[in-house]
Amino acid sequence: MSRLLRTGLNAGEAAPMAVVGGEGVYFHLSDGRKLIDGSNTGGGLGHRHPAMVEAIRRAADTPVVNEGWTWIGREQAADDLMATAFKGEEDWVGAVRFCISGSEANDMALSLCQALTQRSALATRERAYHGITGLSRSMTVQPQWHGGLAVHAGGSKLPAPMAPVRILPAPDGAIYGAPANNTPPSEYLADATRLLSDTAATIIDYTQGGIYYDGEYQDEVARCARQAGSYWIADEVVTGAGRAGRWFAFQGAQSRPDIVTLGKSLGGGAAAVAAVVVSKDIVERLKGTSWQNYGTLRGHPISMAAVSAYLNVVTEDGILERVQQLEKLFIRRLLAIAQKHPSVQRVAGQGLHWTVELHGPDWRTWHADTAEVPIASRVAERALEAGAVIGTSGEQTSLFLAPPLVISEHEADQLLDALDHGLDIADEEHG
């Protein structure tokens, strides 16, 4: 029996596959198989990218410097992030603070907004996931990810919420299965300013629950938040640093956030690192204060080396252009797959992050409080036969594809072939 407490992304009680190594876009398993890593948002450059390995090797020879001490590599990583990823955003972007995980970054950002506004309430959109630590847990409104216990005999044991939460309607754009007549955001967000009137912050993301970037929606949320005196936080933990086919998803619209949170691919998959990026206006508001929020290993020299190396690789290797090209392939193939498989209800995505939602129970009723393996996990298990790992985020009817940004067209086709193969089992049950 394993002594490790774990949570799997594919629901059920079965132990996950045992990964013993990796190279490029492939996982190496203990049974000798090599599988395409098809849903790993933390590994933007895949496994053992030579530039990342070398950066970590060099950084391993540096001192252990906690967040309270100035470290030259941390200053360099901040400068690199601003000069590279935020190039062209200089009129509003202010400063960055590094941390360890996206959950932590969101908690830090939300806490800061509460301190600045002296308000407690917070807002997000329907079906959001912002993490599972501190205030980010309260802002995660997917019912199965509550930070507590899902009892397999039925029922859940939840921790107490940390803040009042206001939930905005979400956009429903999709390349397959979208509503025939999408209502403009100005109509379904007509009550948003009132709803946000007592909130410290409004945080939105661009992938969670299969709800993707919508520029018109972003601009309307930003307008309503500013009217209400609520800071707008762009949660770019998944989409930031290139997965959307640009440095940040928010750059597709006119509005600009007060705070951007980053994580996952920011360290190229080579180190655990995240960031809170604040506007110039917030930097001004912080003058004369000390932000009393500390973490020993935040901005660790190894993490900082990974950030600088990753930013350089994305720039030098044309990664953003690669993602934009592969997005076209995914759109074409996923449309064909959806039309072939009657079990598919909806397909949505951007860049190299895609959700395939199956017909079945409403997501609002899924609490993962059963040992029964849901259909999405069984599709993912069957896809392994065709050589690829596909994730479900622990959901019942939702699969997601998020391969390394360095995946080739041939490997992308293999991944999509595996999805095609896996969906046969869903078709059989759908009838």
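Arg125, Pro171, Ile204, Asp205, Tyr206, Ile211, Tyr212, Tyr213, Asp214 and Tyr217 line the largest cavity of this predicted model. In this model, local features need pLDDT of at least 70 and side-chain atom pairs count only at pLDDT 80 or more, while totals for chains, interfaces and linings use all residues. Residues are numbered from 1 along each chain as its sequence is written, and side-chain values use heavy atoms, with hydrogens and water left out.

**The cavity**
- The structure holds one cavity of 30 Å³ or more, and the volume of the largest cavity is about 40 Å³.
- On a 1 Å grid over the protein atoms alone, a cavity is a set of points where a 1.4 Å probe fits but cannot get out, and lining residues have an atom within 4 Å of a point.
- Grid points are joined across faces, edges and corners, and a volume is the space filled by probe spheres set on the points.
- The lining comprises seven nonpolar, no polar and three charged residues; Ala, Val, Leu, Ile, Met, Phe, Trp, Tyr, Cys and Pro count as nonpolar, Asp, Glu, Lys and Arg as charged, and the others, Gly among them, as polar.

- Seven strands form an open sheet with mixed pairing, in the order 4-12-11-10-9-5-8.
- Strand 4 (93-99) and strand 8 (165-168) are the edge strands, each pairing on one side only.
- From one strand to the next, the twist averages 20 degrees.
- Helices (H or I, at least four residues) and strands (E, at least two) are DSSP runs numbered from the N terminus, and two strands pair if DSSP finds at least two bridges between them.
- Strand 9 (residues 199-205) runs parallel to strand 10 (residues 231-235), joined by five bridges, and Thr202 stands opposite Trp232 in strand 10.

**Strand 5**
- Strand 5 (residues 121-125) is largely enclosed by the rest of the structure, because five of its five residues are buried (under 20% relative accessible area, with a 1.4 Å probe and protein chains only).
- Ala121, Ala123 and Arg125 lie on one side of strand 5, with Leu122 and Thr124 on the other.
- Strand 5 pairs with strand 9 in the parallel sense over three bridges, where Ala123 has Thr202 as its bridge partner.
- Strand 5 also pairs with strand 8 in the parallel sense, over four bridges, and the partner of Arg125 there is Leu168.

**Asp369**
- Asp369 lies in the loop between strand 14 (353-358) and helix 11 (375-385).
- The C-alpha atoms of Asp369 and Ser156 are separated by 6.6 Å, although the two residues are 213 residues apart along the chain.

Terms used:
On a 1 Å grid over the protein atoms alone, a cavity is a set of points where a 1.4 Å probe fits but cannot get out, and a pocket is an open set with protein on both sides within 12 Å along at least five of seven lines; lining residues have an atom within 4 Å of a point. Axes are lines fitted to C-alpha atoms, for helices over the stretch in contact, and angles run from 0 to 180 degrees between N-to-C directions. Buried means under 20% relative accessible area, exposed over 50%, partly exposed in between (1.4 Å probe, protein chains only).
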